[in-house]
Amino acid sequence: MKDQTAPNPHHPASDTPLTVAASGNNLANSRKVFVKTYGCQMNVYDSQRMADSLAAEGYVTTDSPDDADMVLLNTCHIREKASEKLYSALGRLRNLKNKRQADGKDLIIGVAGCVAQAEGDEILRRSPTVDLVVGPQTYHRLPQALAQVREGRQVVDTEYAVEDKFEHLPLASREQVRKRGVSAFLTVQEGCDKFCTFCVVPYTRGSEVSRSVAQIINEATKLVQAGVRELTLLGQNVNGWHGVGDDGREWGLGELLYRLAEIPGIARLRYTTSHPRDMDDALINAHRDLDILMPYLHLPVQAGSDRILKAMNRKHKGEDYIRLIERIRSVRPDLALSGDFIVGFPGETDEDFEDTMRLVREVGYAQAYSFKYSSRPGTPGADLPNHVEESVKDERLQRLQVLLSGQQYAFQNSLVGTEMDVLLEKPGRFEGQMIGRSPWLIPVIIENIPGEVGDMIRVRVNSTGTNSLVAEKLA
């Protein structure tokens, strides 16, 4: 951990002891933390684990920065203008901090995540009111960083940790897990070694690292025992996960899914995000054999042109991807596919874009994310020639999104009249209404049912909205 040698003039030194984990009678005396999460599901998981770590230091979460003693921004560096959005948010927090100090109170401001990793000291230079900066591989050291902040120092901790951060992070209490709902994320793999030329992940999250089987099973078991019924395994390249299994062999994600399915009380398994090059036979067979593994797969292809895929360093061709989808659907015919698409990558011609449109039509997607290419500093793509004009990107993106939206509506409409199991997740907006989740991740609205959060019920779909289904419970 690197800390600035000069005292932080914006945070008075304090030797007030940190309180113990907040619960019960000491809740009113606890400090409050507001965590703002940007970006991917892994950042959601990371924010939860940071909140768990801070709970051990006496912090309870709050839904508003206005009454917080600490604000933590967990940032994402994937999208365009991520840094600008961060500094805009920090400007607003500076005003809040000044107001709090005028009232004789203080506010600790922290920046975590991938922008923190990429910019480090630059954040303190541009926003001196920030107290601490922690990268995604070092947030397990957040309590130590806070101790230094409370001594009046600014802290930057973005050096990749030698130790395993997951060994040092406390697990959430049963009460915390129950508050978060019946579905939970569980990170099993971090980082990426693929080095796609458009992507910053290898530079902000580091090389691929897999958690051990024992760690994963332990955390999953505790989540299920606390009431979680659906687990989503997370990783920048989650199907690149590997580890030594119970039988002493090297396992891949497929074998891990079989083992997780044995945990008593677990009802559903999912995983995201995957790379086509790491969909092996064991993982495909898991889709065939495990009813508990939901028939929904997020498998980004990014483009349909072999020339552009090569420039992206994807190391697969469009036809490879199509054949792979055919293999998976041959063992799981009800599989719904999700994907990612980048339009306007440097050098993309009209013919290259039409290759993407042809792939989309042939594969058929239930849901997809599509973006204009944006240059990320430090990535090889930023130095490529022949960048596509914004107006051309806009036109291509609009055409692609019309096609993808039509496929999404067609998939949802195909479910009208069918029966399915729905996991109830929360009450709806109206009395007697519940919101559940279909096997294909689509929200399902059910009217006037006796049921509680966590119940699995059988329903018939009556209609579809833009992004949801409306169903009735079967007797």
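Let me start with a turn: strands β18 and β19 form a hairpin with six residues between them, and in that turn G432 has a positive phi of about 85 degrees. Strands here are DSSP runs of E with at least two residues, helices are runs of H or I with at least four, and both are numbered from the N terminus.

Before going on, the basis. This is a predicted model, in which local features need pLDDT of at least 70 and side-chain atom pairs count only at pLDDT 80 or more, while totals for chains, interfaces and linings use all residues. Residues are numbered from 1 along each chain as its sequence is written, and side-chain values use heavy atoms, with hydrogens and water left out.

β18 covers residues 419-427 and β19 covers residues 434-437, and they pair in the antiparallel sense over four bridges. Two strands are said to pair if DSSP finds at least two bridges between them. Across this pairing, K426 stands opposite I435, and P427 stands opposite M434.

Now to another part of the chain. Strand β6, residues 132-134, pairs with β7 in the parallel sense over three bridges. One of the partners is D157 in β7, which bridges to V134. With helix α5, residues 142-149, β6 and β7 make a left-handed β-α-β unit. For reference, a crossover is right-handed if, with the strands pointing away from the viewer, the path from the first strand over the helix to the second runs clockwise.

Is β7 buried or exposed? Four of its five residues, 153-157, are buried, so the strand is largely enclosed by the rest of the structure. Buried means under 20% relative accessible area, exposed over 50%, and partly exposed in between, with a 1.4 Å probe and protein chains only.

Last, R141, in the loop between β6 and α5. R141 is buried, at 14% relative accessible area. The side chains of R141 and D157 are joined by a polar contact of 2.8 Å. That term means a pair of N or O atoms within 3.5 Å; within protein, one must be able to donate a hydrogen and the other to accept it, and residues adjacent in sequence count only if both atoms are side-chain atoms.
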